[in-house]
Number of protein chains: 2
Amino acid sequence: MTAAATRPATTRAHESTSQPGTAGDAAAFLRDFRSLSAIGETPGHGVDRQAATPADAQARAWFTSLAAQYGFRTETDRIGNLFALIEWNPGAPYVLVGSHLDSQPTAGKYDGAYGVAAALHAGRRLADRAASQSPDGGTPPAAPKYNLAVVDWFNEEGCRFAPSMMGSSVYTGKLPADVALAVTDTAGTSVRDALTEIGHLGSGFGPTAAAYAEIHIEQGRSMEDSGTTIGLVHACWAAAKYTVTVHGEQAHTGSTVIADRKDALLGASRLVVLLREIADHFSGAVLHTSVGQLTVYPNSPVVVPSRVELVMDLRTADEDILASAKALLRAGIAAIEAEANVSIDVAESHAWGINPYQPAGVALAAECAAELGLSHRQVFTLAGHDSINMKDVVPTVMLFVPSVDGISHNEREYTNDDDACAGVDMLTRVVERLCNGDLDGAAAPEAGARPEGTK
Amino acid sequence: MTAAATRPATTRAHESTSQPGTAGDAAAFLRDFRSLSAIGETPGHGVDRQAATPADAQARAWFTSLAAQYGFRTETDRIGNLFALIEWNPGAPYVLVGSHLDSQPTAGKYDGAYGVAAALHAGRRLADRAASQSPDGGTPPAAPKYNLAVVDWFNEEGCRFAPSMMGSSVYTGKLPADVALAVTDTAGTSVRDALTEIGHLGSGFGPTAAAYAEIHIEQGRSMEDSGTTIGLVHACWAAAKYTVTVHGEQAHTGSTVIADRKDALLGASRLVVLLREIADHFSGAVLHTSVGQLTVYPNSPVVVPSRVELVMDLRTADEDILASAKALLRAGIAAIEAEANVSIDVAESHAWGINPYQPAGVALAAECAAELGLSHRQVFTLAGHDSINMKDVVPTVMLFVPSVDGISHNEREYTNDDDACAGVDMLTRVVERLCNGDLDGAAAPEAGARPEGTK
């Protein structure tokens, strides 16, 4: 479905202009980004635009309206991925560039949204440039090899509907569309019904991809700490994620003697503490461990909990450390079961090794940054992105701009305007080169286990 | 409203028959109790009859139907307490006897329900006995001093609508009716609307009480361990309950370095573990500590929790131990705040000292058990009951029957039929003596801080 086109690369566009955007380009980008930031705004100056909610629908309307204004036509595929298309070379595949407009329940304004707004403006500039090269409206003398599609991937966050990265997982064939459409939220509404309700359940498979580019805020502080404007993402940390159920037995909190209790919440709490202790066991902040979700049953003030469900997340750049951490976890869980008088079911829901992007893409991005005079360095991504799905099927470039204090999944997330605008310049140049086929033939990376629909 | 009548006690009924129930009485009780147990039955052979739900309404219909069959008229007060009344002495106050028909979400069949069924059958036997003493239908020669009201207290459990013991708290003037009626469940439905919907929002203050009796399963194993049939409840354990909010800061689980995290769930988990450590600090099972309810925000797999709300519960028969435990808790919380990089707000929601029942009531119950040849001993209640509200306004007798393995707030709760029927015999005799004024003038107990609407 998404096999990269095989025409040999040319260096045609490499020779084209690589100037940064004008002051007008920056102003236009910031204006559009600010109007997006107002959609689903929370009292804490963040956003709440969970997938296929009215706020998400409003963000998607922002997208289609601007796309039309900038000369793109839009289409929606069978899982609600939204594409803005411009065709320079009829019948040729598309370079896809984008990110996601959906958000966590109380999220910052940059996560995903920045990447979509930047992609739309990169597309606008390239479309303007192509049009200016053919003032008579005829075929431009040097039409790009590939067409261009700006994309808003459906449900990257996965908080309303699991798993995350749903739209790109379906697009890349990693997740069957029917399975994704049947997923329900906690109110019992399916993805299919939610998309239908907001009028965004489309059809078909979307445009055929030749390459992919995405830009995102770092969600960490390595770039800010090193004074770097552009991060060239070369790999994703290794990760292991588990869904866990702690089984105890319901009892009266007041009257049941401690020795008789099988307190599922005590077992779960010891597991949360254990996971932090495992992170602290390794010096140098090389392992991140988390429990973000934990639900207690029956959750009554006067009932000893009978069941707790939780999600554990371990991430590291070192696969040996991950293996050691897993061993510590196994031993710790056995101890908790014995000491807290509970049983613990652990299922590994996702796992992947160090997951590299194509080195040729990193090299191309480094060239673009150098041309534009932007400081740059290779960085890991610790979080998942739709680009992790895309890089497994087409040559992909993943870029970061700095995030102040590394704050992420938080209403206070912030990237300064200069960095945000430099990122748009950078993305524009990268996409221009991808449209000219400069990454054609980049080998698919050697990946660990595929991160299917996870972030 | 509920001042005890002041007529001097007589010993008239003391001289009356104190025989146990007949085989027919036991069979009738078990038949009615089993029909009640089928209402709101869960797949795990327990019940789900949360307050003012359709299942609760069905249990209340069971009550009114049997009450009519046994010669009582029924009325409902302004907070949904349901009374079955029989008047032997026009204008005199009533001995109230009962418990509650509502349950926890996955509860056993005995908690509350046994006490209401036993009260209805005690009332039936006494009504039959009174009627048989006046075969010509005229005024019986030795009418009891007080009339009799069997009661189903509204919302004792407090799981759908907080606080627990709501009906008896309003009846005894400890909780304003308007405040109780305005309480909403998690779906936003008020007590007023929920009662109206099931047709059980009554009016007025219910009958005036002269005394109160209640029977319940033990919710502990002291009686089973000692082979005792009847528990004479002499006091409620001291308790302290807290509502706690742990404040952290939202962040990305994958990308945020551990040192930057303010993980509210880590802080909450350490608090759960601390509370158990405090219980273990005292030998001899003298302190019960629990966290039954814990809710995580935003509760997304990929977001470090920003806030956790939980409820802590400490109970003991020794007020010195409670004071020591509170000091350990304060010190532990300060350590957790520092070490887990969170802030913790703690509010004491309820607290009471050792809370005794009237010794005269305990003595009267001991006499009744001896007359009936039933083994008996004084026991604490560790859980709250509506009788704890009632004993503060009228002379009150609280009785227990054994519960197999002490299981409570659990679908596997079980009391064998012989013990259940012995309890009905016992309750019948106690109520007969209360109706004859044998506890008149029993002093109100010296209580600690009033347990307002809590269990």
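Author: Domain bounds here come from an automatic or database domain assignment. On that basis chain A is divided into domain 1 (13–236 + 354–435) and domain 2 (238–352). This is a predicted model, in which local features need pLDDT of at least 70, side-chain atom pairs count only at pLDDT 80 or more, and totals for chains, interfaces and linings use all residues. Residues are numbered from 1 along each chain as its sequence is written, while chains are lettered from A and ligands numbered from 1 in the order in which they are written.

Reader: How do you know which residues of domain 1 of chain A are in contact with domain 2 of chain A, and how many are there?

Author: Two residues are in contact if their C-beta atoms, placed from the backbone, lie within 7 Å. By that test, 4 residues of domain 1 of chain A touch 6 residues of domain 2 of chain A. The centres of these two domains, taken over C-alpha atoms, are 36 Å apart.

Reader: What classes do the residues on the domain 1 side of that contact in chain A fall into?

Author: They divide into 3 nonpolar, 1 polar and no charged. Ala, Val, Leu, Ile, Met, Phe, Trp, Tyr, Cys and Pro count as nonpolar, Asp, Glu, Lys and Arg as charged, and the others, Gly among them, as polar.

Reader: Why is α10(A) called oblique to α12(A)?

Author: Start with the helices: they are DSSP runs (H or I, at least four residues; strands are E, at least two), numbered from the N terminus. Axes are lines fitted to C-alpha atoms, for helices over the stretch in contact, and angles run from 0 to 180 degrees between N-to-C directions. The axes of α10 (residues 359–372) and α12 (residues 417–435) of chain A come within 9 Å and cross at roughly 130°. Angles under 35 degrees count as roughly parallel, over 145 as roughly antiparallel, 65 to 115 as roughly perpendicular and the rest as oblique. The crossing at roughly 130° therefore makes α10(A) oblique to α12(A).

Reader: Which hand does the crossing of α10(A) and α12(A) have?

Author: That one is right-handed. A crossing gets that name if the near helix is turned clockwise from the far one by less than a right angle, and left-handed if anticlockwise. Among the residues making the contact are A:Leu364 and A:Cys368 of α10(A), and A:Met426 and A:Arg429 of α12(A). By class, the contact has 7 nonpolar, no polar and 4 charged residues.

Reader: What makes the two copies related as by a two-fold rotation axis?

Author: Copies are superposed by least squares on the C-alpha atoms of residues with pLDDT of at least 70 in both. Chain B goes onto chain A by a rotation of 180° with 0.1 Å of shift along its axis (RMSD 0.1 Å). The copies are thus related as by a two-fold rotation axis. In chain B, B:Ser269 comes closest to that axis, at 2.1 Å (C-alpha).

Reader: How do you know that the copies meet through the same surface?

Author: Because 100% of the interface residues of chain B are also interface residues in chain A. The contact takes 53 residues from each of chain B and chain A. On the chain B side, α8(B) gives the most, with 8 residues. That side has 25 nonpolar, 21 polar and 7 charged residues.

Reader: What is the omega of the peptide bond that joins B:Tyr297 and B:Pro298?

Author: Omega is about -5°, and the bond is cis. B:Pro298 sits in the loop between β9 and β10 of chain B.
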